[in-house]
Structures are given as structure tokens and as C-alpha cells.
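Subject: Structure handover

Hi,

Here is the structure I promised to pass on. Please load it before you read the notes.

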Amino acid sequence: MNTERVDDIPLIYQLPAGEDRHKLVLFLAGFSGDKESCAPRLEELAALGFTALSFDAWQHGQRMRTDVAELRARVRGNIRRYFWPILAHTAREVPRIIDWALERFCLDESVGIGGISMGGDISVVAAALDRRIVVAVPGVATPDWLRPGTFEPVGQADAAAQDCYDELNPLTHLEGYAHCPRIVFQNGADDQQVPAEASVRFREALRRTHYQDCPERIETVLHAATAHAYTEAMWDNTKRLLAEHLNE
């Protein structure tokens with residue numbers, strides 16, 4: 001696994017094994033995880049011919065303030081105040097990482113992205129921020145940062161966190177998806193932490209508006225008898241979708 005730093009962002013990447021598709025795929029870890037936890041998945045993506053990359057989200061991994069215990073306690077104590085800025089700050093960094101990777105490796109400007117939970121949330125936002133992202137496959141993730149129905153206490157946003165929500169929350173910024181990237185949510189049908197109904201609402205809202213001529217380009221796959229867990233079936237679907245749609 002190769003390591004690099006882009007500005008102050010630490011990342012890892014794996015180059016294609018065998019045939020090179022000349023395509024970039026980003027895959028991001030869940031909350032309190034780090035880029036290294038994605039290394040086995042990057043290796044699998046590289047085996048499919050992709051240049052596969054992960055980076056530490058803001059305040060995660062090598063960018064952590066103190067330690068994992070502090071991060072978990074702070075964010076879970078007030079999700080809206082402390083989690084929303086992590087989503088926003090990290091999503092805004094994705095275009096910079098794409099710029100670097102496309103230039104460094106001379107890749108085509110059609111990019112795929114996926115992630116687990118928080119990483120999936122970030123992938124949805126990034127698909128609106130950067131039109132080079134043509135496929136996004138978020139796992140156990142939501143396009144609605146309010147997360148109605150969650151069993152977790154969500155807290156209250158301060159002004160800075162509210163600004164992040166107002167600027168980037170996907171469900172309230174459907175116009176960001178007017179270019180119709182291929183988006184496929186992989187959700188647990190029994191997930192009460194990140195309820196799947198938000199991805200269904202997002203899908204239906206976009207099918208009524210920007211995706212009305214291509215409704216098949218946004219989907220929600222509900223995995224039966226699955227709570228908030230990223231399963232092998234979700235991962236298998238993710239690899240298949242990236243392989244299919246990054247060749248379009």
C-alpha cells in the first residue's frame with residue numbers, strides 16, 4: 001500500500017493489478033475509522049483494474065485531535081454540532097484529492113466513490129460537489145443529515161454546524177444532482193441508527209425532478225434482515241456497480 005500527503009490530507013492508494021482501467025475510485029471509512037481500515041478493499045478494487053484511494057476524514061486517523069475515545073464521546077454527545085462539520089469539511093476536500101490523483105496517475109476524468117456509513121454520507125455530498133464523480137455507491141448511509149427516526153440522540157447544531165447543513169445537506173440541495181450521477185444506496189432494511197427511508201425519499205424526490213428522464217440512475221437497495229452493518233453483499237454490489245458504470 002502506497003502513502004502520500006496532499007496538502008495536510010494523508011492518503012493511501014493502490015495501483016491497478018494487471019489490466020489498468022485508467023479510472024479512479026475513492027472509498028472512505030465509517031465514523032472513527034481510518035484510511036488503513038480500507039486497505040483490503042482498495043486491494044480488491046486494484047485487482048479489478050482501478051486506481052483505488054482512501055484518505056483520513058477530517059479529525060480522523062492521522063488528523064485526530066486526541067484519540068478515538070475522545071472523538072466518539074464528543075460526536076456522540078452532540079451529533080449535529082460535531083458530526084455535520086466533519087461531513088462538510090471532508091466532502092469539500094474530495095475535489096482536491098481527485099485533482100491530485102488524476103494528474104499524478106494520468107487517469108480518465110470519470111471517477112467512482114463509495115464508503116461506509118459516514119464515508120457513504122460523504123460520498124453522496126461529493127457527488128454533488130464534483131461532476132467528475134459519475135458513480136457513487138454509499139453504504140449504510142443517508143442523504144438526510146437530520147436522520148429522522150434514528151435511535152441516537154442528535155443534539156443541537158451551533159451556528160457553524162448549521163451553516164454546513166444549510167450549504168451541503170443532499171436532500172435539501174437536489175439541484176446539485178442535476179447532472180444525474182449514477183447513485184445506488186446500499187441500506188440495511190432494519191437499520192434504526194441510519195434509517196433507510198431517507199435514501200428512498202431522496203430517490204423519489206430526484207426521480208420527480210432531475211432524474212425524471214433517467215430514473216434508473218438512482219436506486220436504493222434494501223438488504224433484508226440487516227441493521228447498521230456493511231455486509232459482504234453490499235461490498236459485492238459496490239464492486240459490480242463500479243466495474244459496470246465506470247466503463248460507460
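The notes below cover the sheet, the salt bridges and the nonpolar cores.

This is a predicted model, where local features need pLDDT of at least 70, side-chain atom pairs count only at pLDDT 80 or more, and totals for chains, interfaces and linings use all residues. Residues are numbered from 1 along each chain as its sequence is written, and side-chain values use heavy atoms, with hydrogens and water left out.

**Sheet**

Eight strands form an open sheet with mixed pairing. Their order is E1-E2-E4-E3-E5-E6-E7-E8. Helices (H or I, at least four residues) and strands (E, at least two) are DSSP runs, numbered from the N terminus. Two strands pair if DSSP finds at least two bridges between them. The edges are strand E1 (2-6) and strand E8 (218-223). Each has a single partner strand, so one side of each is left without a neighbour in the sheet. From one strand to the next, the twist averages 20°. Axes are lines fitted to C-alpha atoms, for helices over the stretch in contact; angles run from 0 to 180 degrees between N-to-C directions.

Strand E3 (residues 24-28) pairs with strand E4 (residues 51-55) in the parallel sense, over three bridges. Val 25 has Ala 52 in E4 as its bridge partner.

Two helices to look at here. Helix H4 (residues 118-129) packs on the sheet and touches E3, strand E5 (111-116), strand E6 (133-139) and strand E7 (182-188). Contact means heavy atoms within 4.5 Å. The direction of H4 makes about 150° with that of E5. Helix H6 (residues 197-208) also packs on the sheet, touching E7 and E8. The direction of H6 makes about 155° with that of E8.

**Salt bridges**

There are 20 salt bridges in the structure. The criterion is a side-chain nitrogen of Lys or Arg within 4 Å of a carboxyl oxygen of Asp or Glu.

- Lys 35 and Glu 36 meet at 3.0 Å, N to O. Lys 35 is buried, at 2% relative accessible area. Glu 36 is partly exposed, at 40%. (Buried is under 20% relative accessible area, exposed over 50%, partly exposed in between; 1.4 Å probe, protein chains only.) A network of salt bridges links Lys 35, Glu 36 and Asp 56.
- Arg 92 and Glu 167 have their closest N and O atoms 2.8 Å apart. This pair links distant parts of the chain, 75 residues apart: Arg 92 sits in helix H3 (residues 79-105), Glu 167 in helix H5 (residues 159-168). Arg 92 is partly exposed at 38%, and Glu 167 is partly exposed at 44%.
- Glu 204 and Arg 207 meet at 3.8 Å, N to O. They are three residues apart in helix H6, so about one helical turn separates them. Glu 204 is partly exposed at 30%, as is Arg 207 at 28%.

**Nonpolar cores**

A nonpolar core is a set of buried Ala, Val, Leu, Ile, Met, Phe, Trp, Tyr and Cys residues joined through side-chain atoms within 4.5 Å. The largest has 56 residues. Touching the most other members are Leu 24, Leu 26, Leu 53, Phe 55, Val 94, Trp 145 and Phe 202. H3 gives the most to this core, with 14 residues. Another core lies apart from it, with 21 residues, among them Leu 45, Val 135, Tyr 230 and Leu 246.

Best wishes
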